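Work through these exercises with the model on screen. Try each task before reading its solution.

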Amino acid sequence: MGLILAILVALFLLLPIVIVVPMSFSTAISFEFPPPGYSLGYYAKYFTSEEWLEPTLNSVVIALGATVLTMLLVVPAAFGYVRYRFRGKAFVNLLMMAPLVVPHVVSALAYYGFLGRARLTGTHLGVIVAHGVLAVPVAFLVITATLKGFDRNLERAAMSSGAGPLRTFFHVTLPVLRPGMLVGALFAFLSSFNEAVVVIFIGGRQATTLPRKMYESIRLESDPVIAVVSTLLVSAVVLGVLVSVFLRRRPAHAT
Amino acid sequence: MARGLKREHAAAWLLLGPSSVALTLLFVLPIGLMLVTSLTDPRVSLAHYQRIFTVPLYTHVMLNTFVTSLIVTALCLVLGYPVAYVMARRSDWVSTALLTIVAMSFWTGFLVRTYAWLVILGSKGPVVATYQALGLGGPAPKLLFTSFASTLGMTHILLPYMILALFAVMKKIEPEHLKAAASLGARPLAAFGEVFLPLSLPGVVNGSLLVFVSCLGFFVTPILLGTPRDMMISQLINQQIEELLAWGFASAVAVVLLVATGLILAVYNRFAGLDRLWG
């Protein structure tokens with residue numbers, strides 16, 4: 001009984017994601033399902049049109065920039081937060097988590113006003129700053145969790161064997177923490193890559209990302225190329241999830 | 001001792017200082033400026049707030065946002081509970097398959113999923129085609145650009161959050177508890193109702209809070225699938241900025257949304273501790 005319900009709900013989750021695949025091979029000029037015929041026409045259009053390739057490139061550039069900014073903000077803060085006791089710790093935690101607590105539409109309006117005053121709306125830098133800050137909480141959670149699990153005896157052993165603090169940091173601390181750092185960076189990247197609210201407000205023509213382009217394409221023109229983009233994005237997600245499931249099932253591997 | 005503590009303080013602030021300053025300047029300041037705008041644009045007054053809470057058009061938006069969020073939360077709970085239950089109670093390929101599907105849905109962007117519903121519910125979509133094929137008579141009911149479409153889309157998008165929040169709590173429930181209940185003569189349904197359900201309640205609270213709060217400020221899906229006649233708060237903010245450039249009023253609406261979200265999370269923090277929500 002429970003199992004049947006669970007399978008039905010799983011289908012409800014899955015089918016809408018699957019439906020974009022046949023749509024991408026369609027010959028219809030609007031959103032029509034089932035497709036009247038099949039072709040690779042919209043793939044050709046996607047891979048040759050500036051209109052879609054530029055937002056794709058923007059998405060990658062902005063997500064990379066945001067990841068760098070997030071890591072610069074989070075890594076030192078996470079070390080300070082986990083390893084020291086100090087007054088105002090709860091306040092620092094609240095500050096680092098604030099972008100997660102504030103609804104994105106509120107942040108979006110706030111950035112629209114703020115970056116507008118700084119003449120940074122419609123620029124890559126503006127979107128990178130906003131996305132970099134918005135990804136702080138998720139990266140902070142992952143990296144502080146990694147740091148809490150770190151055995152400081154490893155550092156003490158290195159120091160007592162004669163390694164200096166820097167040498168210890170780069171040869172012992174960092175290699176052990178690397179997987180956690182990479183997961184934090186990956187989450188920051190995906191947070192920016194999928195972000196659709198702030199960029200709709202502040203992206204403008206110049207810094208349009210894929211989610212913003214998809215939003216406009218649905219609102220203004222119903223361009224079927226969106227099915228191609230969706231299919232490519234879904235394929236990437238399926239690949240990523242399957243790889244992570246496979247890695248998790250492999251036993252006795254340090255994570 | 002005091003000196004060592006002082007040095008420790010210095011090291012902590014050297015590491016935390018730059019990030020704290022950056023977040024204050026790049027996040028708290030923009031929000032603060034928005035708050036100021038809500039009180040001063042075009043002139044210093046509380047008029048925007050007064051309008052939000054007295055003009056029927058806007059009180060309707062507030063009420064509609066609240067009710068829609070409740071409906072979406074209830075739907076996510078009803079749909080998500082059995083999935084999380086099966087995922088937590090089994091440890092075979094079914095559990096792995098369900099988790100894989102939930103993760104795929106979780107990581108697929110809002111826009112992709114909203115687009116998919118646009119196709120499914122559209123006038124050339126499978127639902128309308130089925131309706132016509134069955135010959136139920138009359139024109140097919142309008143599905144797209146209704147509150148129904150918007151509610152369905154948001155439920156679909158937020159369901160994975162609910163399932164993952166429930167699963168996180170349920171997988172820690174010891175199977176021995178249920179076995180003990182069974183060995184004491186409880187029927188499966190009673191064992192579930194008396195033992196499993198109460199132990200899963202923290203997950204129900206976490207998931208419901210997460211979905212409800214996300215829904216209050218949901219942006220993309222209500223705008224693309226819903227109707228301006230039954231606006232949600234984020235649609236109102238968008239409309240005020242995009243069509244009217246009413247900065248002061250839009251900011252005031254955003255502040256109301258922020259305060260409502262903050263109050264709900266503060267109550268949760270008082271009783272459960274916020275850290276547990278994302279833990």
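**Exercise 1: a helix pair across the chains**

Task: find how α13(A) passes α4(B), and name the handedness of the crossing.

Solution. Step 1: α13(A) passes α4(B) in a right-handed crossing. A crossing is left-handed if the near helix is turned anticlockwise from the far one by less than a right angle, and right-handed if clockwise. Helices (H or I, at least four residues) and strands (E, at least two) are DSSP runs, numbered from the N terminus.

Step 2: get the geometry. Two packed helices are described by the angle between their axes and the distance between the axes. Helix α13 (residues 225-249) of chain A and helix α4 (residues 93-107) of chain B have axes that come within 9 Å and cross at roughly 140°. That makes α13(A) oblique to α4(B). Axes are lines fitted to C-alpha atoms, for helices over the stretch in contact, and angles run from 0 to 180 degrees between N-to-C directions. Angles under 35 degrees count as roughly parallel, over 145 as roughly antiparallel, 65 to 115 as roughly perpendicular and the rest as oblique.

Step 3: list the contacts (C-beta atoms, placed from the backbone, within 7 Å). From α13(A) come Val237(A), Val238(A), Gly240(A), Val241(A) and Val245(A); they meet Thr96(B), Thr100(B), Ala103(B), Met104(B) and Trp107(B) of α4(B). Sorted by type, the contact of α13(A) with α4(B) has seven nonpolar, three polar and no charged residues. Ala, Val, Leu, Ile, Met, Phe, Trp, Tyr, Cys and Pro count as nonpolar, Asp, Glu, Lys and Arg as charged, and the others, Gly among them, as polar.

**Before going on: the model**

This is a predicted model: local features need pLDDT of at least 70, side-chain atom pairs count only at pLDDT 80 or more, and totals for chains, interfaces and linings use all residues. Residues are numbered from 1 along each chain as its sequence is written, and chains are lettered from A and ligands numbered from 1 in the order in which they are written.

**Exercise 2: the second pair across the chains**

Task: find the angle at which α6(A) and α12(B) pack, and the residues involved.

Solution. Step 1: helix α6 (residues 104-117) of chain A packs on α12(B) at about 145°, the axes 9 Å apart. Their crossing is left-handed.

Step 2: α6(A) supplies Val105(A), Val106(A), Leu109(A) and Gly113(A), while α12(B) supplies Trp247(B), Ala250(B), Ser251(B), Ala254(B), Leu257(B) and Leu258(B). Eight of the residues in this contact are nonpolar, two polar and none charged.

**Exercise 3: the whole interface**

Task: how many residues does each chain bring to the contact?

Solution. Step 1: chain B gives 69 residues and chain A gives 63. Step 2: α1(B) has the largest share of the side of chain B that touches chain A, with 19 residues. Step 3: that side of chain B divides into 50 nonpolar, 16 polar and three charged residues.

**Exercise 4: burial and confidence**

Task: which residues of α7(A) are buried?

Solution. Step 1: a residue is buried if 20 or more other C-beta atoms lie within 10 Å of its own, exposed if 12 or fewer, and partly exposed in between; C-beta atoms are placed from the backbone. Step 2: the buried residues are Gly126(A), Val127(A), Ile128(A), Val129(A), Ala130(A), His131(A), Gly132(A), Val133(A) and Leu134(A). Nine of the eleven residues of α7(A) are buried, so α7(A) is largely enclosed by the rest of the structure.

Step 3: check pLDDT, the predictor's confidence in each residue, from 0 to 100. Chain A has a mean of 93, and chain B has a mean of 92. The model scores ipTM 0.93 and pTM 0.93.

Definitions and conventions. Two residues are in contact if their C-beta atoms, placed from the backbone, lie within 7 Å.
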